[in-house]
Amino acid sequence: MAWTSRRRRSPSSVWAFIVQNPVLGVLVVAAVALLFLSRSQEEIVQAARSLFDDASSSALEAVAKPTAEGKRWLEGVTTFFSTYEENQRLRDENARLRTAQSELAEMQRKVGRYEQLLKIPAESPVTSIAGRVIADTSGPFVRTILVSAGRDQGVEKGQAVVDDRGLLGRIIGAGKRSARVLLLSDLNSRIPVIVEGANLKAILVGDNSDRPTLEYLPPGSRLVAGARVVTTADGAALPPGVAIGIVVKGEGSPKVQLFTSEGRADFVRVLHYRIENDVDEEAPQSAPTDPAKPRIDPKAATPKPASPAGNAGPGARPATLMRFR
Amino acid sequence: MVEYLQLGYVWLLQFVWRAIPLVATFLLMMLAVAPLNLLQGWVTAPDIALISVFFWAMHGPAFLPPWAVFVIGLTEDFLIGAPLGFWVLLYLFAYGFTLSQRVFFKGRTGIGVWLGFAIVAAINAALAWLLGMLVFERWLSPMEVGSQALVSVLVYPAFARLFAIVRRSLTNAPESL
């Protein structure tokens, strides 16, 4: 029992322990300094984060790929016995979707025609970049995911990230090959949204749960439970009409049950959408003299209507398509 | 000259040897953030880094010195996108607390160490909750950290066994190193 002689006696006070372990004390001070630094020097910290994400992305991807394969294999085994029922269900769904598709095409033709008649300017096309989720780092207090697409692929800070169910969140930092997505449920997430039906604008505020809160609603507004919540183009940050969730009753403020409840996305799409806000050098020539009179300016409207879905090219999808879920 | 090279080689080997616990922890941390989505994300992933910090503070602090705990904390902060220094501070505290109480925890056999981890995890969760509210400047639900601590305590024996294999491969020196 030679090791008992080396056994250190339990220190009687915290101070004695710190004196015995000076390195630990110095490191604690360094950690506190780091905590203050990360709050004051956000740009440097963000650059460091992007560097770390890039450096770790290949290792994370190497881990994520086999786990995704394993998951798929496991799902294959579990669904093996229900293949017949699944096949029947998909047949029915396919029949329903075919009907819906023809209705959609008819609606799009109609909307295109109305837009042409009303001379509505063409909406900015939304293009997308696909990426794999390589890390689901949703710990306590912070809810983010890491995707395998970065600046090299055209990902920029502020872009919306969706999967097949709807909006997941937005990019908060883009490295060369990877980007970090702040999920809608994160404490720091603020997204301008619109409640369909009632046409009410609000801000969707993340609160660390699967049900973010709707805030800054107009006073006295009444919502219907189950109403769909989608993004708006306010702030020119997100493409309009991306599905987010449905309104549910909450304690106090109304809440939104997200379509993309935590962490089930494998592949995501980063949406590229940009509207340039412009300032004219001079006042328009044909400005009406009487401000009370409604202004109709035939030149202001774009003569070309929004192109229908089929002509938009492989990557480009009109924002209206996003609405269809 | 040859002697110096030999010395350097030995030093390098020792360095690699000593870094094995740190590397094992990094690997497990990466596995923990892999998009597995077991149980559809209903259960929080365990705090692998805390398990590692506690295990090495108990069974061989020489293999995980304070600077390594600092590096683990910083990696966790970068990995999950927390404010830098947040988990560094918490893990350093857990490490120091475990070191100061290891004689007490060691006194009990087997289940005593597990109980020790439960105490450390509970204190760590409470501190994380308080520090979180201080850093984010708003009320936070204690459920998140609480459930993570609970999951960590439940899976501790499995990971401790894994780390014990690593430790046995490093040395067969007696328990308290």
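This is a predicted model: local features need pLDDT of at least 70, side-chain atom pairs count only at pLDDT 80 or more; totals for chains, interfaces and linings use all residues.
Local features need pLDDT of at least 70 and side-chain atom pairs count only at pLDDT 80 or more, while totals for chains, interfaces and linings use all residues. Residues are numbered from 1 along each chain as its sequence is written, and chains are lettered from A in the order in which they are written.

**View 1. The barrel of chain A.** Six strands of chain A close into a barrel, in the order β1-β2-β5-β4-β3-β12, with antiparallel pairing. Strands are DSSP E runs of at least two residues, helices H or I runs of at least four, both numbered from the N terminus; two strands pair if DSSP finds at least two bridges between them.

**View 2. Pairing of β1(A) with β12(A) and β2(A).** Six bridges link β1(A) to the antiparallel strand β12(A), residues 267-272. A:T127 stands opposite A:H272 of β12(A). Between β1(A) and β2(A), also antiparallel, there are three bridges, and A:A135 has A:L146 in β2(A) as its bridge partner.

**View 3. Strands β4(A) and β5(A).** β4(A), residues 167-174, runs antiparallel to β5(A), residues 179-183, and five bridges join them. A:R170 has A:L182 in β5(A) as its bridge partner.

View 4. In contact (C-beta atoms, placed from the backbone, within 7 Å) are 39 residues of chain B and 43 residues of chain A. On the chain B side, α4(B) gives the most, eight residues. That side has 26 nonpolar, 11 polar and two charged residues, where Ala, Val, Leu, Ile, Met, Phe, Trp, Tyr, Cys and Pro count as nonpolar, Asp, Glu, Lys and Arg as charged, and the others, Gly among them, as polar.

Conventions. Two residues are in contact if their C-beta atoms, placed from the backbone, lie within 7 Å.
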